[in-house]
Amino acid sequence: MALHDRPTLRRLIYATTFESGGVLMSTALLLLMADTTAGGSLAFSILASTVAMLWNLAFNAMFEAWESRQTTRGRSFARRTAHALLFEAGLVLMLLPLTAWWFSVNLLTALAYEGVLIVAFLIYTWAFTFAFDRLFGLPASAR
């Protein structure tokens, strides 16, 4: 049975590989932006990744349920873009207070940090999802 026919396994592999790359990227970016150590940046990135992974699993299940009810199949540029934007918006709502607390900054500074991470992750999310779909095939909801 192909991975695209096993949605739970597909989502789990997607989430874990996505978050691994995301931890590396966000650790480096936070180290450049925030007054923190490499360990502090890495620890926050792992914490944020845990939140993001749980959100990723929930969001992709909801997105694929919505997607399976659409008459147009496939993942167009617009659909991939909507996926990335909606995912990131939900994640920012969850992470903004945590970012401000962790780095002992006000919400505006935390939003600036998040802004850089949002742009980086929007590009990363779109590219990663495209590459993942090319490697493993589209899920049943998009075929």
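Rings of Phe, Tyr and Trp, the last taken by its six-membered ring, count as a pair if their centres lie within 6.5 Å. With that in hand, here are some notes on this predicted model.

1. **The aromatic cluster.** One aromatic cluster is formed by Tyr14, Phe18, Trp55, Phe59, Phe63, Trp66, Phe87, Phe121, Tyr124, Phe128, Phe132 and Phe136. Across the structure there are 22 aromatic pairs.

2. **Phenylalanine 18 with tyrosine 124.** These two rings make a tilted pair, with 4.7 Å from centre to centre and 35° between the planes. The pair joins distant parts of the chain: phenylalanine 18 belongs to helix 1 and tyrosine 124 to helix 4 (residues 107-136), 106 residues apart. Phenylalanine 18 has 2% relative accessibility, so it counts as buried. Tyrosine 124, at 18%, also counts as buried, because the cut-off is under 20% relative accessible area.

3. **Tryptophan 55 with phenylalanine 59.** Here the ring centres are 5.4 Å apart and the planes meet at 45°, so this pair is tilted. Tryptophan 55 and phenylalanine 59 are about one helical turn apart, because four residues separate them in helix 2. Both tryptophan 55 and phenylalanine 59 are buried.

4. **Helix 1 on its own.** Helix 1 contains 27 residues and spans 37 Å from its first C-alpha to its last, which is close to the 39 Å expected at 1.5 Å a residue. Which residues of helix 1 are buried? They are Arg10, Arg11, Tyr14, Ala15, Phe18, Glu19, Gly22, Val23, Ser26, Thr27 and Leu30. Do notice that Arg10, Arg11 and Glu19 are on that list, and that these three residues count as charged. The cover over the buried residues of helix 1 includes helix 2, helix 3 (77-102) and helix 4.

5. **Helix 1 against helix 2.** Helix 1 (residues 7-33) packs on helix 2 (residues 38-68) at an angle of about 145°, and their axes are 8 Å apart. This crossing is right-handed. In the contact of helix 1 with helix 2, the residues comprise 15 nonpolar, eight polar and four charged.

6. **Helix 2 against helix 3.** The angle between helix 2 and helix 3 is about 145°, with 10 Å between their axes. The crossing of helix 2 and helix 3 is right-handed. Their contact is made up of 17 nonpolar, six polar and two charged residues.

7. **Helix 3 against helix 4.** The axes of helix 3 and helix 4 cross at roughly 145° and come within 9 Å. Which hand does the crossing of helix 3 and helix 4 have, left or right? The crossing is right-handed. Residues in the contact of helix 3 with helix 4 divide into 17 nonpolar, five polar and four charged.

8. **Alanine 34.** This residue lies in the loop between helix 1 and helix 2. Is alanine 34 buried or exposed? Its relative accessible area is 10%, so alanine 34 is buried. Setting aside residues up to four places away in sequence, alanine 34 touches Phe103 and Tyr113. Valine 105 is 71 residues from alanine 34 in sequence, yet the two C-alpha atoms are 9.4 Å apart in space.

9. **Threonine 99.** Threonine 99 sits in helix 3. With a relative accessible area of 1%, threonine 99 is buried. Beyond its neighbours within four places in sequence, threonine 99 is in contact with Phe44, Val105, Ala110, Tyr113 and Glu114. From threonine 99 to glutamate 114 the C-alpha separation is 8.0 Å, and the two are 15 residues apart along the chain. Tyr113 is worth a click, as it is contacted by threonine 99 and also by alanine 34.

10. **Serine 104.** This is a backbone detail to check in your viewer. Most residues other than glycine have a negative phi. Serine 104, although not a glycine, has a positive phi of about 50°. Serine 104 is placed in the loop between helix 3 and helix 4. At a relative accessible area of 67%, serine 104 is exposed, whereas threonine 99 is buried.

Conventions
Residues are numbered from 1 along each chain as its sequence is written. This is a predicted model: local features need pLDDT of at least 70, side-chain atom pairs count only at pLDDT 80 or more; totals for chains, interfaces and linings use all residues. Side-chain values use heavy atoms; hydrogens and water are left out. Axes are lines fitted to C-alpha atoms, for helices over the stretch in contact, and angles run from 0 to 180 degrees between N-to-C directions. Helices (H or I, at least four residues) and strands (E, at least two) are DSSP runs, numbered from the N terminus. A crossing is left-handed if the near helix is turned anticlockwise from the far one by less than a right angle, and right-handed if clockwise. Rings of Phe, Tyr and Trp (its six-membered ring) pair if their centres lie within 6.5 Å; planes under 30 degrees apart count as stacked, over 60 as edge-to-face and the rest as tilted. Buried means under 20% relative accessible area, exposed over 50%, partly exposed in between (1.4 Å probe, protein chains only). The expected span of a helix is 1.5 Å times one less than its number of residues. Contact means heavy atoms within 4.5 Å.
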